[in-house]
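Q: I am new to this one. Could we go through it step by step?

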Amino acid sequence: MADARLLERMPAAEAKPVRRLRETRLGGSLLRLVSPLAILVLWQLASVSGLLSPQILTSPVAIAATAARLVASGELLTGLGVSFLRVVAGFMIALVVGVALALFAGLSRLGETLVDPPVQMLKAMPFLGLLPLFILWFGIGETPKIGMVAFGSVFPIYLTLHGGIRGVDRKLIEAGRTLGLGTAGIIRHVVIPGALPSLLVGVRYGLSIAWLSLVVAEQINASSGIGSIITYARDFLQTDVIVVCLLVYALMGLLTDGLVRLLEAYALRWRPAVTA
Amino acid sequence: MSVLVDIQGLSRDFGAAPVLDRISLAIQPGEFVALLGRSGSGKSTLLRVLAGLDEAPAARVVLPKRRSIVFQEPRLMPWKSVADNVALGVSNAHASGAVSRALADVELTHRRDAWPLTLSGGEAQRAALARALVREPELLLLDEPFAALDALTRLRMQGLVRELWRKHRPAVLLVTHDVGEAVALADRILVLDRGRFRREVAVELPHPRRHGDPCAAALETELLRELGVELSDHHSIPEPERTH
Ligand SMILES: Nc1ncnc2c1ncn2[C@@H]1O[C@H](COP(=O)(O)OP(=O)(O)OP(=O)(O)O)[C@@H](O)[C@H]1O
Ligand SMILES: [Mg+2]
């Protein structure tokens, strides 16, 4: 008996130090930082030793300095504000249009026949390739950029919400009917909340596409926003500025995604253990 | 005496042989009727017509306006709290008082703000019962509401249903696989088989009816035989087939 207990205890004792580091949140995230930090250090070494020329890629330290300079001059924030507004405007259009189309297609037979086939066909189009057409149609102002953002992100919103509506549990709809709910009541109390988890997935995916569309649209032609900063930097071979701008795009993508996740955690709090 | 439910010539089929074959059914106000039948005999099909979920074009159907149904699964909206689920059953205005009373009736007041997915099976089914009762139904339809619960909880729920029935006096149509449950609760038992009511028994035992009471046991045995289950000598009642 004593032996058996000893045997049982030994592996646990051995595993302890490792498990401790992993178990605490902080320990876990620290561990995950090791290899990115190593890459940064190698990159810096390569730059300092002259292996990596600044015209290809500037060193991390120089990039950090550039970032500080761009922030201090206000250039970056102004550009960011312009770009952010483009994403917000385009994405809002996509949200309204996508939700309206999905409700129409998901809730009525007429909508299904009218809306779904063309949307499915358009979906197959590589939408980034539409940029030249958008420029021909809308010129080089804000419209083609906002249009690209809207066009790119409308599909995930439509597709996920449409699927979500289709997937709402029939049994719950029946239960709603026996409780005396009319069509409007069923839509409000059963269909929409039931499809909301899918819609939120679509919103997150749509937002990432929105930023991607913006990056592409701003590269081609922009006199303001992050894209225009990149264009100038390219003309003057400032790789540090370009990298800073790319990092800003990435940060904004993460930030908007985080906002939706917060919204998700609140709106879907009825689902046990969505976190983790 | 005015009948509450009056159905005549109700037939339904799904292509093959008819599931319900010109059935007639009358239920008095406040009457407690149990409906027995083998799996697939059409009990749920009948209940769906009574609940208004399915049409019955050829039949004469008289139903009260206020009806509620509790299904075999709770069918609560997972995104609404227990209280909000119950409130779905009543339209706005004086809802909150009625909701509180219904929740107190099923002893679920302490869980009123809980999410349905965090409820135990018995609690969820009680919430569904509260949601049905809050409508103050004249006809309460129960489609094997306790079938998925463990034996102990099932007994408690039977007691609860009986209490609530005495308090509110709706007419009840209880579908069940459990012969003992039917005998314990009902004034009248119907046995559905091959599309028709093969048997109708008025139960005139006094309440409360105890399990193991000889008269009740004799009736149970008889009904089980009706359902095609023969009992062995030592009174071990085999569980009736339980599929749905
Ligand atoms: N929508 C439907 N389409 C086709 N067949 C159906 C449909 N609904 C019911 N049936 C058939 O009708 C028959 C009766 O079904 P019903 O659900 O009423 O049985 P039940 O008596 O409630 O059985 P259980 O006790 O297992 O719940 C079954 O054979 C079933 O397959
Ligand atoms: Mg059934």
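Q: Before the details, which angles count as roughly perpendicular?
A: Angles of 65 to 115 degrees count as roughly perpendicular. Please note also that this is a predicted model.

Q: Understood. At what angle do helices α2 and α3 of chain A pack?
A: Helix α2 (residues 25-48) of chain A packs against helix α3 (residues 60-73) of chain A at about 95°, and their axes are 8 Å apart. The helices α2(A) and α3(A) are therefore roughly perpendicular to each other.

Q: And which residues make that contact?
A: From α2(A) come L40(A), W43(A) and Q44(A), while α3(A) contributes P60(A), V61(A) and I63(A). Of the residues in this contact, 5 are nonpolar, 1 is polar and none is charged.

Q: Let's switch to chain B. What domains is it divided into?
A: Chain B has domain 1, made of 1-66 + 139-244, and domain 2, made of 79-136. Taken over C-alpha atoms, the centres of these two domains of chain B are separated by 25 Å.

Q: Now the two chains together. How much area do chain B and chain A bury between them?
A: Chain B and chain A bury about 1800 Å² between them, 68% of it on carbon and sulfur atoms. On the side of chain B, the residues that lose the most area to chain A are R75(B), W79(B) and W115(B), together 35% of what that side buries. The contact involves 19 residues of chain B and 17 residues of chain A.

Q: How many salt bridges cross that interface?
A: There are 3 salt bridges across the interface of chain B and chain A. One salt bridge pairs E174(A) with R75(B), whose closest N and O atoms are 2.9 Å apart. Another salt bridge pairs E73(B) with K171(A), at 3.7 Å between the closest N and O atoms.

Q: Where do E73(B) and K171(A) lie?
A: E73(B) lies in the loop between β5 (67-70) and α2 (82-87) of chain B, and K171(A) lies in helix α8 (residues 170-178) of chain A, so the pair joins two chains.

Q: Last one: how many salt bridges are found over all chains?
A: A search of the whole structure finds 23 salt bridges.

Terms used
Residues numbered from 1 in each chain as written. Chains lettered and ligands numbered in written order. Predicted model: local features only at pLDDT ≥ 70, side-chain atom pairs only at ≥ 80, totals over all residues. Heavy atoms only, no water. Axes fitted to C-alpha atoms, helices over the stretch in contact; angles between N-to-C directions. Helix = DSSP H or I, 4+ residues; strand = E, 2+ residues; numbered from the N terminus. Parallel < 35°, antiparallel > 145°, perpendicular 65-115°, else oblique. Contact = heavy atoms within 4.5 Å. Nonpolar A, V, L, I, M, F, W, Y, C, P; charged D, E, K, R; others polar. Domains from an automatic or database assignment. Salt bridge = Lys/Arg side-chain N within 4 Å of Asp/Glu carboxyl O. Buried area = accessible area lost by both parts, 1.4 Å probe.
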